Every structure is written in C-alpha cells, then in structure tokens.
Amino acid sequence: IIRVSGSELRGLSNDLLSVANATSQSFDVAVEAATEFSRQGLTLSKTIEATNAALALSRIAGIDAADAVSTLTATINTFNSEGLEYQDILDTIISLDNSFAASASGIADGLKRIGSVASEAGIELKEIASLITVVQQVSARGETVISNGLKTILTRLNRSNVQEALGSIGIQTQTATGEFRSQIDVLTDLANKQDSLSDSQRAYI
C-alpha cells in the first residue's frame with residue numbers, strides 16, 4: 001500500500017511507467033510489483049529500484065513478476081549481512097546466465113529454495129549462485145532436483161554418514177589437521193565429479 005502525496009504519486013507513476021517501458025512489462029504489472037515492495041516498508045526510491053530489478057528479472061528469466069518479487073525479497077532478506085542491493089542480485093544472476101550453460105530461472109529458483117540454508121552455512125550469495133550454476137551445467141538435471149539436492153547436502157554435510165559417502169568418491173570434508181573444509185569447496189568438488197559418478201554412487205551420495 002503506497003501512501004504518498006499527490007506530487008509524489010505523480011512522480012511515482014512516471015517512474016513506474018519508465019520502468020515498465022524499459023523492461024517490456026505493462027504498467028499494471030509494475031504497479032503490482034511496486035505495491036508489494038512498498039508493503040515491505042521500502043522508501044519510494046528503494047521501491048522503484050526493487051521494482052526495476054524484479055521486472056528485469058521477470059523478463060530475463062521468463063518468470064512471473066510475482067515470482068521475481070518473491071525471489072528478490074527472499075534473497076535480499078537472507079543475505080542481508082552482505083549489504084546487497086536489489087541490482088546486485090540481478091547482476092549476479094545475469095552474469096552467470098550469460099557466462100554458463102545455465103538458465104536465469106534455474107538460478108533464481110535455486111536461490112529462493114536454498115539461500116537460507118547456504119547463508120546459515122556461511123556461504124555468500126555469489127558463491128551459492130555460482131555453485132547452483134555449475135551443478136546445472138554439469139548435471140543437466142531439473143531445477144527442482146538440483147535445488148533440493150544441494151539443500152539436502154548443505155543440511156547434512158556435517159553428518160558422519162555423509163562425510164563417509166563423500167570420502168568414498170575421493171572428496172574430503174576435513175583437512176589433514178582435522179579442521180572442516182569450506183562447504184563451498186566441498187560442494188564444488190562434488191559438482192566437478194558429477195559426470196564421473198555412476199548411478200549407484202549418485203544414489204548413495
């Protein structure tokens with residue numbers, strides 16, 4: 001619910017029209033996205049910034065604007081300690097989409113599904129987004145399968161049976177001195193091994 005003065009409303013309408021035109025979206029869609037962001041307590045300038053990022057993500061990833069709003073909201077709240085802007089999230093997704101054989105929609109979906117688990121494990125936005133991208137590229141699995149698989153691994157990585165399973169395919173979770181390796185390093189090793197694993201090994205992991 002956007003509460004502004006008459007002059008501010010006119011300015012907001014002009015800004016939203018510019019955002020809609022720039023992102024090839026309708027004005028109504030821009031208003032709906034802006035309204036949702038305003039409900040989160042954003043200032044007018046932040047609302048425009050967030051709406052622009054959401055509508056751009058919607059167009060690039062081929063997802064509904066509402067899904068784009070949900071993805072950006074979840075991601076910026078999850079990784080709030082990094083001091084991210086909405087544009088930072090969009091830039092990360094676009095960069096990976098342009099550089100690798102992965103889809104922007106898959107990266108966005110992955111961030112929404114496993115971002116909180118990754119953040120709790122001390123993994124930063126660009127790291128988990130990159131890992132999602134790598135797994136998409138080397139495994140050619142569906143988005144949901146990849147996200148759920150990574151979420152399960154991140155959650156269980158410190159369990160002894162998981163460490164044994166990873167060790168059985170040559171991936172160590174601890175250093176020679178007994179310290180735990182970075183989870184992102186362990187998962188990167190696993191992603192790089194996907195093509196060489198048998199079906200039974202994948203099922204075991």
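Leaving aside neighbours within four places in sequence, Glu 143 is in contact with Ser 103, Ser 105, Gly 106 and Asp 109, where contact means heavy atoms within 4.5 Å. The model is a predicted one, in which local features need pLDDT of at least 70 and side-chain atom pairs count only at pLDDT 80 or more, while totals for chains, interfaces and linings use all residues. Residues are numbered from 1 along each chain as its sequence is written, and side-chain values use heavy atoms, with hydrogens and water left out.

Glu 143 belongs to helix α8, residues 143-156; helices here are DSSP runs of H or I with at least four residues, strands are runs of E with at least two, and both are numbered from the N terminus. Glu 143 counts as partly exposed because its relative accessibility is 31%; the classes are buried under 20% relative accessible area, exposed over 50% and partly exposed in between, with a 1.4 Å probe and protein chains only. Between Glu 143 and Ile 107 the C-alpha to C-alpha distance is 8.1 Å, although the two are 36 residues apart in sequence.

With a relative accessibility of 14%, Gln 183 counts as buried. When residues up to four places away in sequence are not counted, Gln 183 touches Ala 121, Ile 123, Leu 154, Leu 157 and Asn 158.

Ser 24, by contrast, is exposed, with a relative accessible area of 60%. Ser 24 is found in the loop between α1 (6-22) and α2 (27-39). Its phi is near 60°, a positive value in a residue other than glycine. Most residues other than glycine have a negative phi.

The next site lies in helix α3, where Ser 58 is found. Ser 58 counts as buried, because its relative accessibility is 7%. A polar atom of the Ser 58 side chain lies 2.6 Å from the backbone oxygen of Ile 63. Apart from residues up to four places away in sequence, Ser 58 touches Gln 25, Ile 63, Asp 64, Ala 65 and Ala 68.

How do the axes of α3 and α4 cross? The axes of α3 and α4 (residues 65-78) come within 8 Å and cross at roughly 120°; axes are lines fitted to C-alpha atoms, for helices over the stretch in contact, and angles run from 0 to 180 degrees between N-to-C directions. That angle makes α3 oblique to α4, since angles under 35 degrees count as roughly parallel, over 145 as roughly antiparallel, 65 to 115 as roughly perpendicular and the rest as oblique. From α3, Ala 50, Ala 53, Ala 54, Leu 57 and Ser 58 make the contact, and from α4, Ala 65, Ala 68, Val 69, Thr 71 and Leu 72.

Helix α3 (residues 44-61) also packs with α5 (residues 86-99), at an angle of about 20° and with axes 8 Å apart. That angle makes α3 roughly parallel to α5. In this packing, Glu 49, Ala 50, Asn 52, Ala 53, Ala 56, Leu 57 and Ile 60 of α3 meet Tyr 86, Gln 87, Leu 90, Ile 93, Ile 94 and Asp 97 of α5.

Methods
Polar contact = N/O pair within 3.5 Å; in protein donor to acceptor, adjacent residues only side chain to side chain.
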